[in-house]
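Dear colleague,

Please find below the structure that I am handing over to you. A description of what was found in it comes after.

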Amino acid sequence: MSRSILLTGVGLIALWALSFGLSFADLGHAGLPVALAIAVVKATLVGAIFMELASASASIRFSVLAAGALAALLIGLVVADIEMRDPPPLVPPGYDAAAR
Amino acid sequence: MTQRTHAARLGMWVFLASEVLLFTVLFTVYADARARYPEVFHHEIHAHADKVLGSVNTAILLVSSTLVAAGVHALKENQRSRATALVFATVVLGLCFLGIKGHEYIDHVHHDIVPGHGIFWTLYFTMTGLHALHVCAGVVTLSLVARTKHVIVLENAALYWHLVDVIWIFLWPLFYLA
């Protein structure tokens, strides 16, 4: 096993243990952001070392960046749609409970 | 690197990019639901999510990613039998993941928690179920290519497995930890 792969694996397990341990601490509202931040580090390690993005060609990095840009656009449009919706009525429009 | 090898690798990455977009939609829906009903998510995670099993599954996938990466490296070094053994070990870990996931699902059903049982559990079954389907596909693919002598074939299968791992890296804190 190559040294970089072994070290990355050990690092991933260490970060996993850190996440697991911190989940028992009362971090309040910081709990989820901390857990996600550790997740980002782990995902970066997997992407850079295991998936060899760190040494990938320009065309492969471009496809990754394109996915990221499209994902950001998708998230932005979904959030915009949600924020601009009217609140749902408590009963369906036109429903007349007295008539039933 | 030959042009054919590069084309194969680029094609795989384009496919992975489409998979990322698929899960991006679901993560966005999760983010919106959690922003609207934080107390529901907090309660359900702490009352019914099995943190230990979810964490064991996370460790399983992290180790499996390490093993399949080592398998690809071994094949590049022309150590075919070692590569095959590492890939089959990855497959075994993948099957362990699915077994634990199945056990969790059965336990949830015994507690009358099914898809449609509120926004949290609907998202849970949708996202982890879709992920589990991807794990199944990864297990089958790795089993089929475990004995290949072509590095690019194993590399592409390993890339898929790493993406499955990355997706779970984010599912774990969202449904088990916080």
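The notes that follow cover conventions, the interface, the salt bridges and the aromatic pairs.

This is a predicted model, in which local features need pLDDT of at least 70 and side-chain atom pairs count only at pLDDT 80 or more, while totals for chains, interfaces and linings use all residues. Residues are numbered from 1 along each chain as its sequence is written, chains are lettered from A and ligands numbered from 1 in the order in which they are written, and side-chain values use heavy atoms, with hydrogens and water left out.

Interface

Chain A brings 36 residues and chain B brings 40 residues to the contact (heavy atoms within 4.5 Å). The area buried between the two chains is about 3,400 Å², with 80% given by carbon and sulfur atoms; buried area is the accessible area (1.4 Å probe) that two parts lose on being put together, summed over both. Five residue pairs, both residues at pLDDT 80 or more, are in polar contact between chain A and chain B. A polar contact is a pair of N or O atoms within 3.5 Å; within protein, one must be able to donate a hydrogen and the other to accept it, and residues adjacent in sequence count only if both atoms are side-chain atoms.

On the side of chain A that touches chain B, helix 1 (3-22), helix 2 (31-50) and helix 3 (58-83) of chain A each supply at least two residues. Helices are DSSP runs (H or I, at least four residues), numbered from the N terminus. Helix 3 of chain A gives the largest share of that side, eleven residues. By residue class, that side of chain A has 26 nonpolar, eight polar and two charged residues (nonpolar: Ala, Val, Leu, Ile, Met, Phe, Trp, Tyr, Cys and Pro; charged: Asp, Glu, Lys and Arg; polar: the others, Gly among them).

Salt bridges

There are six salt bridges over all chains (a side-chain nitrogen of Lys or Arg within 4 Å of a carboxyl oxygen of Asp or Glu). One salt bridge is found across the interface of chain A and chain B: A:Glu52 pairs with B:Lys76, with the closest N and O atoms 2.8 Å apart. A:Glu52 lies in the loop between helix 2 and helix 3 of chain A, and B:Lys76 in helix 3 (residues 51-76) of chain B, so the pair joins two chains. A:Glu52 is partly exposed at 30% relative accessible area, and B:Lys76 is partly exposed at 38% (buried means under 20%, exposed over 50%, partly exposed in between; 1.4 Å probe, protein chains only).

Within chain B, B:Arg9 forms a salt bridge with B:Glu155 at 2.3 Å between the closest N and O atoms. B:Arg9 lies in helix 1 (residues 3-36) and B:Glu155 in helix 6 (residues 151-177) of chain B, 146 residues apart. Both B:Arg9 and B:Glu155 are buried. A network of salt bridges links A:Glu52, B:Arg9, B:Lys76 and B:Glu155.

Aromatic pairs

The whole structure has 17 aromatic pairs over all chains. Rings of Phe, Tyr and Trp (its six-membered ring) pair if their centres lie within 6.5 Å; planes under 30 degrees apart count as stacked, over 60 as edge-to-face and the rest as tilted. A:Trp16 and A:Phe20 are stacked, because their ring centres are 6.1 Å apart and their planes are at 5°. In chain B, B:Trp121 and B:Tyr124 are edge-to-face, at 5.0 Å centre to centre and 75° between the planes. Both B:Trp121 and B:Tyr124 are buried.

Yours sincerely
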